[in-house]
Amino acid sequence: MSALKQALEAWGAQDIRMIKNRENVVHEVRVGGRPAALRLHRPGYQSKDAIRSELDWMAALAAAGMRVPAPIPTRSGDTVADLGGGQIATVVTWVDGAPIGEGGVPLTGSEAEQAALYHKVGGEIARLHNLTDAMTLPTGFTRHRWDIPGLLGDDPFWGRFWESPALSDGDRSLIQRARAVAHDRVTAFADAGADFGLIHADALRENIFVKDGELTLIDFDDAGFGFRLYDLAVMMTQNEDEPAYDAIRTAALAGYRARRALSQEAEDLLPLFIMIRRFASMGWAVPRYDPTGPEVVSYTQKAVTAARRVLGG
């Protein structure tokens with residue numbers, strides 16, 4: 001029996017269509033006559049306990065009033081179905097609306113409209129952090145860590161980015177210098193009491209839906225324990241080429257600060273954390289694409305550009 005058929009049986013669901021086949025295979029389904037999203041998780045990326053913890057967090061956020069998908073249990077009452085062979089399935093509530101944009105595609109709207117949108121995005125990320133800090137996580141809660149070892153250590157969570165085959169010898173040396181600088185600066189930031197806790201870690205345009213002016217954050221697959229500033233850096237990576245970048249950045253940080261404190265030190269480190277995200281993405285791309293293909297080259301070039309910017313040349 002196929003994994004999809006097993007999952008449909010576990011939830012008593014009806015398959016409508018496949019809507020995504022990237023990290024996870026995602027299907028629109030009907031459960032009890034209502035639309036829902038069924039995820040067949042990428043084998044080997046997250047453990048069963050980690051996926052259950054992700055869903056526990058999403059359920060708590062939804063219960064606290066935040067617009068996020070909430071888990072739907074199987075007919076036997078579990079939120080996670082282990083289909084064997086490392087394949088895990090989950091189902092979450094359907095999110096209406098459309099993404100606020102797409103990576104690599106210019107944002108629509110005027111500069112004022114873009115700024116207003118990202119003021120809301122910044123506010124939603126702050127709300128996520130605030131609600132999370134007010135929670136008591138269940139016993140056994142486990143997620144990976146976007147901490148210094150997880151981002152810049154010898155075995156980062158998304159891979160040894162400095163080994164990207166698309167790096168020239170000179171650029172590899174540049175990346176290693178920038179990695180060392182980042183390690184020192186983030187260590188000092190952490191030692192000074194940096195804001196750290198559960199983060200979404202993937203607040204890209206495709207993962208922020210809008211309907212009737214209301215935002216919904218989706219896809220918590222990469223969520224873990226990390227620097228709260230990393231959430232803001234991920235949000236800004238897709239805006240670096242926007243003509244209105246400065247206005248978007250200012251508005252997003254103002255939206256965040258309207259709900260949660262953000263130090264000037266943290267704001268000053270935003271370009272560094274954008275670079276760190278570029279490094280992580282470079283490592284992420286290598287096992288997922290042809291190592292000699294255009295995608296790995298693109299992710300690598302963006303990381304090199306960010307390193308040159310941070311190192312001042």
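Modeller: Let me start with a term: a residue is buried at under 20% relative accessible area, exposed at over 50%, and partly exposed in between, with a 1.4 Å probe and protein chains only. This is a predicted model, so to speak of local features we need pLDDT of at least 70, and side-chain atom pairs count only at pLDDT 80 or more, while totals for chains, interfaces and linings use all residues. Residues are numbered from 1 along each chain as its sequence is written, and side-chain values use heavy atoms, with hydrogens and water left out.

Biologist: Thanks! How many residues of α9 are buried?

Modeller: Helices are DSSP runs of H or I with at least four residues, strands are runs of E with at least two, and both are numbered from the N terminus. In α9, 15 of the 16 residues are buried, so the helix is largely enclosed by the rest of the structure.

Biologist: And what span should α9 have at 1.5 Å a residue?

Modeller: The expected span is 1.5 Å times one less than the number of residues. For α9 that gives 22 Å, and its end C-alpha atoms are 22 Å apart, which agrees.

Biologist: Which residues have the most contacts inside the largest nonpolar core?

Modeller: The general idea is that in soluble globular proteins, nonpolar side chains tend to be buried together. A nonpolar core is a set of buried Ala, Val, Leu, Ile, Met, Phe, Trp, Tyr and Cys residues joined through side-chain atoms within 4.5 Å. Here the largest one has 82 residues, and I175, Y230, F273 and F279 have the most contacts inside it. Its largest share, eleven residues, comes from helix α9 (residues 270-285).

Biologist: What does F273 touch?

Modeller: Contact means heavy atoms within 4.5 Å. Leaving aside residues up to four places away in sequence, F273 touches V186, F189, F227, L229, Y230 and A233. Another core of 14 residues lies apart from the largest one, and L8, W11, V31 and L38 are among its members.

Biologist: Now the charges. How many salt bridges are there?

Modeller: Side chains of opposite charge can pair when their charged atoms come close. A salt bridge is a side-chain nitrogen of Lys or Arg within 4 Å of a carboxyl oxygen of Asp or Glu. That rule gives 27 salt bridges.

Biologist: Which parts of the chain does the pair of D133 and R260 link?

Modeller: The closest N and O atoms of D133 and R260 are 2.7 Å apart. This pair links distant parts of the chain, with D133 in helix α3 (residues 111-133) and R260 in the loop between α7 (245-257) and α8 (264-268), 127 residues apart. D133 is partly exposed at 45%, whereas R260 is buried at 13%.

Biologist: Is E28 buried or exposed?

Modeller: E28 is buried, at 9% relative accessibility. Its side chain meets that of R30 in a salt bridge, 3.0 Å from N to O, and R30 is partly exposed at 26%. There is also a network of salt bridges linking R67, E124, E214 and R259.

Biologist: Last one, the backbone. What phi does D212 have?

Modeller: Most residues other than glycine have a negative phi, and most peptide bonds are trans. D212 has a positive phi of about 55° although it is not a glycine. It lies in the loop between β9 (208-211) and β10 (214-217) and is exposed at 73%.

Biologist: Where is D219?

Modeller: D219 is in the loop between β10 and β11 (224-227). Its phi is positive too, at about 60°, and D219 is not a glycine. D219 is buried, with a relative accessible area of 18%.
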